[in-house]
Amino acid sequence: RKDLEQAMNENTLREREAMKLYHGWDCNKCTYPEIGEIFNVSRERVRQILRDAYRKIRKSNTGKELKLK
């Protein structure tokens, strides 16, 4: 988890928080609509934010070291 958090540092605050909410790192897992309500965006926009966040992590040096796919 510590290595993954380090890889997430390259993401925006919104991306990091969306990932933490979706995976339930600091609280219960949230759905796309629940996260959308928090950020005041649609569930589709939440999906796009998470997609971009995962892509950034996979392309980062830390992500490559962790061999995230």
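The legends below describe several close-up views of a predicted model.

**Notes for all views.** Residues are numbered from 1 along each chain as its sequence is written, and side-chain values use heavy atoms, with hydrogens and water left out. Because the model is predicted, local features need a pLDDT of at least 70 and side-chain atom pairs count only at pLDDT 80 or more, whereas totals for chains, interfaces and linings use all residues.

**View 1. Confidence along the protein.** The average pLDDT (the predictor's confidence in each residue, from 0 to 100) is 87 for the protein, and 96% of the residues score at least 70. Where pLDDT is low, the predicted coordinates should not be read in detail.

**View 2. The buried side of helix α2.** In helix α2 (residues 13–23), the buried residues are Glu15, Ala18, Met19 and Leu21; buried means under 20% relative accessible area, exposed over 50%, and partly exposed in between, with a 1.4 Å probe and protein chains only. These residues lie on the same side of α2, because they cover an arc of only 165° around the axis, the arc being that of the directions from the helix axis to the C-beta atoms. They pack against α1 (2–8), α3 and α4, where contact means heavy atoms within 4.5 Å.

View 3. His23, which belongs to helix α2, counts as partly exposed because its relative accessibility is 36%. Its side chain makes a polar contact with the side chain of Tyr54, at 2.6 Å; a polar contact is a pair of N or O atoms within 3.5 Å, and within protein one must be able to donate a hydrogen and the other to accept it, while residues adjacent in sequence count only if both atoms are side-chain atoms. Just after α2 comes Gly24, with a positive phi of about 70°.

**View 4. Ser60 between two helices.** Ser60 sits in the loop between α4 (43–59) and α5 (61–66), and it counts as buried because its relative accessibility is 3%. A polar atom of the Ser60 side chain lies 2.8 Å from the backbone oxygen of Ile57. Leaving aside neighbours within four places in sequence, Ser60 is in contact with Ala7 and Glu10.

How values were computed
Helices (H or I, at least four residues) and strands (E, at least two) are DSSP runs, numbered from the N terminus.
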